[in-house]
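I opened the notebook to record what I looked up in this structure. The entries follow the order in which I took up each topic.

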Amino acid sequence: GRASAQLAALSQVLRLERSRRTAIVFPLQKLERYLAPGTDTAPFRLFQPGLAALQRSEALFRSDHGHPIDYVSSAVRMDHAPPPALPEVCFIGRSNVGKSSLIRALFSLAPEVEVRVSKTPGHTKKMNFFKVGKYFTLVDMPGYGYRAPQDFVEMVEAYLQERHNLKRTFLLVDGVVGLQKTDHIAVEMLEEFGIPYVMVLTKIDRASRGLLLKNVLEIQEFVKESTQGCFPQLFLVSSVEFSGIHLLRCFVAHVTGNLPTVEAS
Ligand code: GDP
């Protein structure tokens, strides 16, 4: 709603009382006190930037005359992708996982950015490239489903394998239902390619605290036991309430080399 849309900017979040502020900026930390004693919380705090770093990252996501944030182009084939001139991140996930909502939330301080959606069944699925000033590009990969056509699989695989400026892949997982079979297929692909990725749990406003804890702990265990390339800290987001959005902006800034020093808070 309108009230939460205002939380797109940190300055608004900072006006909230402390516990609500923590829930918005560090949603994973908010869960910590409900954990059983002895639970390993180290993966909860690997990336824990201070206010200055959060503010510097937010500035990257805020467009102005000297710092345009634009949709660049769409591509169905690698040779149609823009030149790999800047550090890049990409977002992948099942259809309906909340990917367009998340990208819209990340870019909410650049309202001129249009996050296009092509959901019509049978419609050509494309990779959409966004340019954030002279700092990095962000790619919205087509949502995958259990009946993904072969040319789609080939496009995504080619991108992930060939894109040398790709700094990190963000794999979106529905926070309400947790890891699904198709998510495991995506994980296997990323593991096989040996590229660094990170899991983002979406729609956390829709999960009860108990369910969210269960999904977080299960996925954390899975990441620890069964993956090599996945960053051990999960990122929790709600595109409706703006929780986790500021931290995710900061992580994007960090992995694209636009945040030389991440000071501890
Ligand atoms: P995409 O297919 O991955 O791009 O998914 P969308 O962003 O279109 O979202 C799919 C559905 O989930 C839509 O009905 C959204 O309104 C809803 N949705 C997405 N993100 C959130 C969220 O953070 N919270 C809630 N409650 N609903 C969300």
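**Entry: tyrosine 144.** I began with tyrosine 144, which lies in the loop between strand S4 (136–140) and helix H7 (150–162). Helices (H or I, at least four residues) and strands (E, at least two) are DSSP runs, numbered from the N terminus. Is tyrosine 144 buried or exposed? Tyrosine 144 is buried, because its relative accessible area is 11%. Buried means under 20% relative accessible area, exposed over 50%, and partly exposed in between (1.4 Å probe, protein chains only). Leaving out residues up to four places away in sequence, I listed what tyrosine 144 touches, including Ile92, Arg94, Phe152, Leu171 and Asp183. Contact means heavy atoms within 4.5 Å. I also looked up alanine 105, 39 residues from tyrosine 144 along the chain; their C-alpha atoms are separated by 21 Å.

**Entry: what kind of model this is.** I noted that this is a predicted model, in which local features need pLDDT of at least 70, side-chain atom pairs count only at pLDDT 80 or more, and totals for chains, interfaces and linings use all residues. Residues are numbered from 1 along each chain as its sequence is written, and side-chain values use heavy atoms, with hydrogens and water left out.

**Entry: the whole chain.** I counted the secondary structure as 10 helices and seven strands. I then took up the radius of gyration (over C-alpha atoms; the globule rule is 2.2 Å times the number of residues to the power 0.38). The chain has 18 Å, which agrees with a compact globule because 265 residues would give a value near 18 Å. Along the principal axes, the C-alpha atoms fill a box of roughly 50 × 45 × 35 Å. Of the 265 residues, 52% are buried. I also looked at contacts between residues at least 6 apart in sequence, and 76% of them join residues at least 24 apart.

**Entry: helix H9.** H9 covers residues 209–226 and has 18 residues. From first C-alpha to last, H9 reaches 25 Å, close to the 26 Å expected at 1.5 Å a residue. The expected span is 1.5 Å times one less than the number of residues. Which residues of H9 are buried? They are Leu212, Leu213, Asn215, Val216, Ile219, Gln220, Phe222 and Val223. I kept a general rule beside this list: an α-helix has 3.6 residues a turn, so residues three or four places apart point the same way. The buried residues of H9 pack against several elements, among them helix H8 (181–193), strand S5 (166–174) and strand S6 (197–202).

Entry: H10 (residues 245–255) is mostly covered, with 10 of its 11 residues buried. Among the buried ones I wrote down His246, Arg249, Cys250 and Phe251. Glycine 257 follows H10 and has a positive phi, near 75°.

In the loop between S7 and H10 I found serine 239. Serine 239 counts as partly exposed because its relative accessible area is 23%. Apart from residues up to four places away in sequence, serine 239 touches Ser101, Leu102 and Ala105. Serine 239 and glycine 98 are 141 residues apart along the chain, yet their C-alpha atoms are separated by 8.0 Å.

Phenylalanine 242 is in the loop between S7 and H10 too. Phenylalanine 242 is buried, with a relative accessible area of 6%.

Entry: Most residues other than glycine have a negative phi. Phenylalanine 242 has a positive phi of about 70° although it is not a glycine. Asparagine 96 also has a positive phi, near 80°. I placed asparagine 96 in the loop between strand S2 (88–93) and helix H6 (99–106). At 58% relative accessibility, asparagine 96 counts as exposed.

Entry: Alanine 8 sits in the loop between helix H1 (2–5) and H2. Alanine 8 is buried, at 5% relative accessibility. With residues up to four places away in sequence left out, alanine 8 touches Glu58, Ser108, Leu109, Phe242, His246 and Arg249. Alanine 8 and serine 243 are 235 residues apart in sequence and 9.1 Å apart in space, C-alpha to C-alpha.

Glutamine 12 is in helix H2 (residues 10–13). Glutamine 12 is partly exposed, with a relative accessible area of 26%. I ended with glutamine 12 and serine 95, which are 83 residues apart in sequence and 31 Å apart in space, C-alpha to C-alpha.
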